[in-house]
Amino acid sequence: MGRGFSPGRGVRHAIVALVKLLRKAVILSHRYLGIVASAFAVMWCATGITMMYVGGMPRLTPDLRLARLPALDLARVRITPEDAARRGLYDSPPTATLLTVLDRPAYRFGQSDPITVFADTGEFLDPIAPGQARQVASRFAGEPEERVTFVETITTNDQWTLGQVQPPLHKFRIADAAGTEIYVSPATADVVQMTTKRGRMLAWISTIPHWFYFTALRNNQPVWYRLVVWTSALVCAVAVLGLLLAFTQFRRSRPFNLSSSIPYRGGMRWHYVTGAVFGLTTLTFAFSGLLSMEPFAWTNAPDLRIPRDVFTGGPLQLANFPAFDRDKWNGLLAGRVIKEVDLVRVQDRPYFVVHSTEQAGPELKRERLHQPYYITGRAEQQRTLVAADTLEPHGAFSNESLVRRLQASLTGVQVTESQLLNDYDSYYYSRNRQTPLPVLRVKLDDPAATWVYIDPAMSRILSQVHRYSRAERWLYNGLHSLDFAFWYNRRPLWDVAMIVLLLGGLTTSSLGLFLGIRRLRRAAARALDATDAPATQRAESRI
């Protein structure tokens, strides 16, 4: 062994060399991967601000659709629900609705592939041509036909029908101040989508880029899913590296001075400062966005199978519904205009769900852009449940009957708690109070610790939430929207906090993108100069 050699010193040198190598790898990874990640982060932070006020893709809201439906003329109904279903080759249809189609009363059976039978003659509705669809669009828009222009019949989803309605659809453009476009289903003769120029413009600066909702991409579900997952993961990785560098690059001066402890100048200094301050929230925004895609199906849990007929008692039996008598219906809703009537079975008895209106309600923003579980149903002041045998409005069903039916449908699972909520809790809620109240919350002792939310007014399940969904509610809604009770409903406090954090992420990402592009341009210029220099020397040597 040579003099002066120390095994301990060699190990220390190796460790120091390894640390320097790792530090260099972190810096280079953050520097060059950050160029791509910063572009996505800039877009997400900027569109995140606009999405706070836009809410989602343009759509035809249920209230607006109901308000513009023609009044239902019960005097023209000649066919009973049972007879109409038989003509539609249905013994027990999954759903049945009486509404107005092409200015005639009609029964509609089913949802995924509906059949429409006119209630005055028993005829079937055949798919309508663009000419008839133009009349439907004209009446819906309240504009004369000459101001309605047929655009095309779409056979694949376009930008404004993605994930909402299925083609084929007849598309029309209305010559009005709002720049309205209307889509009519040839199969049902219904208006199924409506957009305005303002709504489309807002979507282009918010929802479409934020969700990567471009038609060609969104129509290819696997590619769209992978793109969202991998770009979110990339931004998360770059943010983690940036936070690590914010710690390792900090040089504590003695005596301590914050300014002199930051080893950068100019734009890099501001990128360091904003990254240290807003890097963590930018990471949480990207990470929670990644979780919204549920990669690796991490929220999957053993699904508690609750029978679909637990609160109905069985399939719909149209023989139990009487013929429509206009005289008996006239005084039912105190002058309100009946637009649609659903025929349903609730707790073994036949009921009519009557949808009526006086005028269109306010167009509320779609607020829950993503949730880890579904909440069906909405608070609807224009809905009345009517007993089919007496034509008397029906009040809420008893909590005892709801719990008893749910318990009887479950095998090996017990109800541990039931409570009627008159206000929202942390897992069933709506900022604009769009979901029904009161609601019955029932907790079960199954392996997934399922909670079931039941609407007493309609005797139906609104939501079914297990423990992993409750965790994702906090990891997604909590982190992505700062959805915490202490300020989520206290505006503008929530708005100010969200905008400040998004602007912070936008600033640090913009600086990173600018610095990265500038570095690439300088590197390209140096490479070009290095390539030109030998050629210049060879040319001079020939002179």
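Predicted model: local features only at pLDDT ≥ 70, side-chain atom pairs only at ≥ 80, totals over all residues.
Close-up 1. Arg519 belongs to helix 15, which covers residues 493-541. Together with Arg518, Arg522 and Arg526, Arg519 forms a positive surface patch.

**Close-up 2. The cis peptide bond between Arg491 and Pro492.** Arg491 and Pro492 are joined by a cis peptide bond with an omega of about 15°. Pro492 is placed in the loop between helix 14 (485-488) and helix 15.

**Close-up 3. The cis peptide bond between Leu437 and Pro438.** The peptide bond that joins Leu437 and Pro438 is cis, and omega is about -5°. Pro438 lies in the loop between strand 11 (415-421) and strand 12 (439-444).

**Close-up 4. The backbone at Leu482.** Leu482 is not a glycine, yet its phi is positive, at about 50°. Most residues other than glycine have a negative phi. The loop that holds Leu482 runs between helix 13 (467-481) and helix 14. With a relative accessibility of 11%, Leu482 counts as buried, because the limit for buried is under 20%.

**Close-up 5. The backbone at Asp103.** Asp103, also not a glycine, has a positive phi of about 65°. Asp103 is found in the loop between strand 1 (96-101) and strand 2 (104-109). Its relative accessible area is 40%, so Asp103 is partly exposed.

Terms used:
Residues numbered from 1 in each chain as written. Heavy atoms only, no water. Patch = residues over 30% accessible without salt bridge, like charges linked within 9 Å, V, L, I, M, F, W, Y side chains within 5 Å. Areas by Shrake-Rupley, 256 points an atom, 1.4 Å probe, with all protein chains shown as cover. Salt bridge = Lys/Arg side-chain N within 4 Å of Asp/Glu carboxyl O. Lys, Arg positive; Asp, Glu negative; His and termini not counted. Charge placed at Lys NZ, Arg CZ, Asp CG, Glu CD. Helix = DSSP H or I, 4+ residues; strand = E, 2+ residues; numbered from the N terminus. Buried < 20%, exposed > 50% of the residue type's maximum accessible area, 1.4 Å probe, protein only.
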